[in-house]
Amino acid sequence: MERKSPKIEGVDVTVTPLPGLGTQQEFTTGSGRRIGVITHRDGRIELIVSDAQDPDKICAATELTGEETSTLANLLGAPQLVGKLTEQQREVTGVTTWQLPLVPGSPYDGRTLGETEMRTRTSVSIVAVIRNGSVHPSPRPDFVFAGEDLVVMVGTTEGLRAASEILENG
Amino acid sequence: MQHTATALIELGAVFFGLGILGRLAWRIGLSPIPLYLLGGLAFGQGGLVPLTGIEPFTELASEIGVVLLLLLLGLEYSASELVTGLRRSWTAGLVDAVLNAAPGALVALLLGWGPTAALVLAGVTYISSSGIIAKILADLGRLGNRETPVVLSVLVFEDLAMAVYLPILTALLAGVGIMGGLGTVGISVLVISLVLVLALRYGRYVSAVVDSPDPEVFLLRLLGAALLVAGLAARLQVSAAVGAFLLGIAISGSTAANASRMLTPLRDLFAAVFFVVFGLNTDPSAIPPVLPFALLLVVLTTTTKFLTGWVAAARQGIRRMGRARAGAALIARGEFSIVIAGLAVGSGAVPGQLAALSTTYVLLMAVIGPVAARVVEPVAHRVVNTVAGARS
């Protein structure tokens, strides 16, 4: 079997051709289970997870549409983004990253980012907005908020508290 | 007019009947091939509905069925997959060939049918049904299993083996002697290497000849090219099937993927006719005498295919349960066994009983294969538990 192992983010990804069907890409988790993706020749994508008892066997396989794969990637990637930001800001004393929900019915639901005047009022920066699992990095002032958005902000603890208050009550 | 009306009614009844049989087969998780064969047997001599007047069509349609079966087999794997497959899995492939061709050859010799029939029956028992197996693996959700690439690489090797085997078989069936046979071996190995090089280096030019963004034009060109190549090959005393197969290998890349998507329904239609016609041409009364030999072959080759899968999976460091799954998955025989038997019976160079034996054998193997693949896990668990129970 031809198996190529490129490293992605420090994890060995095994690529196995499935003659006549497509390609399988997978990696083994720390707990010893294989997680991977089968890309069929006709472009269909299947997510697979191996069995806990028998690592040769898969216990779950589900087909995903293009939109679903990017949603899944974002769901898994979003906490990573916050994690990375926190990691980067740890060096700078007194600055933290918060991820706050914009509840439906908030005064800013349906209004633009610029209207919050967040920077002027709290000196907090909005670095990203996560909506339906997809990340909108560096939103511009004309970005329109919607209920259930996750707003990723960087600032002092004090500033972030104020920002949270603003998002909730205006 | 009257004649056309009757022919249409008969043909309609046959297709509709096959449709019902096919639905029934997939319902119970089986390949429809054995049911098509049974349908053919039923229509044939002394059968339920004697068919008259549609033979010219069914004969030609079944020939087209063979051409399409082989064309799609060639399209199934790209030239690079074939070459890497050959490089990586030739040991498993050789084990497969030796273990599974031997029982067929031995039984033919035992029956006193001669060396040509031995070669035919060796092919019948050797070649697994990639169609049935791919369906089983997908249905049982085993595509992501670690033994699956092993199973597929065995199938890839068989595919290549067919490219060498079919021309030799055709030559022998045409009555070429041993020396001529050796010459054919040389020529066929040369031709297949040439086609592979052609497909690897210049595949896009071959593809460009048939490719078109318009599906209608594409279908016509593809089918036209296939029938032209097959017909020319038949003229040159190489079988039509071989020509179509080599064309399939030469077409590559996205053209190949589109071609197989487009031709699959057409193949299913004509192949169904081919199986029915093969059943039609088999004399049901010839089955009882060969039944014991068919059963012997079933037992032997179920075991040898299981061993092949077991050994091939073990070589890749797969655990016992995975080896058992690989072994069971490979058991199914189907369309290509019938293609080989069809070529042989059509040439008249082998005894007619060979058709009866092959039909019976494939009938059984096409049913046993999917069933074995399904039950292998519970059975293996039970065996493991019993052994463990006996020990404690």
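How many bridges join strand 8 of chain A to strand 11 of chain A? In this predicted model, the two strands are joined by 7 bridges and run antiparallel. One of the positions at which they face each other is Trp98(A), which stands opposite Met153(A) in strand 11 of chain A.

This pairing belongs to an open sheet of chain A, in which 4 strands are arranged in the order 8-11-9-10 with antiparallel pairing. The edges of the sheet are formed by strand 8, covering residues 96–102, and strand 10, covering residues 134–137, each of which pairs on one side only. On average, and with direction ignored, neighbouring strands of the sheet are turned by 25° against each other. Between strand 9 and strand 11 of chain A, which run antiparallel, there are 5 bridges, and Ala128(A) has Val152(A) in strand 11 of chain A as its bridge partner. Strand 9, comprising residues 125–131 of chain A, is also joined to strand 10 of chain A, in this case by 4 bridges and again in an antiparallel manner; here Arg131(A) stands opposite Ser134(A) of strand 10.

In soluble globular proteins, nonpolar side chains tend to be buried together. The largest nonpolar core of the model contains 133 residues, and those with the most contacts inside it are Val67(B), Leu71(B), Val120(B), Ala241(B), Ala244(B) and Phe245(B). Helix 7 of chain B, residues 148–173, gives the most to this core, with 16 residues. When its neighbours within four places in sequence are left aside, Ala241(B) is in contact with Val66(B), Val67(B), Leu70(B), Leu166(B), Val339(B) and Leu343(B). A second, separate core has 16 residues, including Leu102(A), Met118(A), Ile126(A) and Val154(A).

Packing between helices of chain B is illustrated by helix 3, residues 55–76, and helix 11, whose axes lie 7 Å apart and which pack at an angle of about 140°. The crossing of helix 3 of chain B past helix 11 of chain B is left-handed. By class, the residues of this contact comprise 17 nonpolar, 5 polar and 3 charged.

The contact between the two chains takes 25 residues from chain B and 19 residues from chain A. On the side of chain B that touches chain A, two or more residues are given by each of helix 4 (79–110), helix 7, helix 11 (253–280) and helix 13 (320–329) of chain B. Helix 7 of chain B gives the most to this side, with 5 residues. The side of chain B that touches chain A is made up of 9 nonpolar, 9 polar and 7 charged residues.

A further position in chain B is Ala208(B), which is found in helix 8, residues 178–210. The C-alpha atoms of Ala208(B) and Arg374(B), which are 166 residues apart along the chain, are separated by 42 Å.

Definitions and conventions:
Residues are numbered from 1 along each chain as its sequence is written. Chains are lettered from A and ligands numbered from 1 in the order in which they are written. This is a predicted model: local features need pLDDT of at least 70, side-chain atom pairs count only at pLDDT 80 or more; totals for chains, interfaces and linings use all residues. Two strands pair if DSSP finds at least two bridges between them. Axes are lines fitted to C-alpha atoms, for helices over the stretch in contact, and angles run from 0 to 180 degrees between N-to-C directions. A nonpolar core is a set of buried Ala, Val, Leu, Ile, Met, Phe, Trp, Tyr and Cys residues joined through C-beta atoms within 7 Å. A residue is buried if 20 or more other C-beta atoms lie within 10 Å of its own, exposed if 12 or fewer, and partly exposed in between; C-beta atoms are placed from the backbone. Two residues are in contact if their C-beta atoms, placed from the backbone, lie within 7 Å. Ala, Val, Leu, Ile, Met, Phe, Trp, Tyr, Cys and Pro count as nonpolar, Asp, Glu, Lys and Arg as charged, and the others, Gly among them, as polar. A crossing is left-handed if the near helix is turned anticlockwise from the far one by less than a right angle, and right-handed if clockwise.
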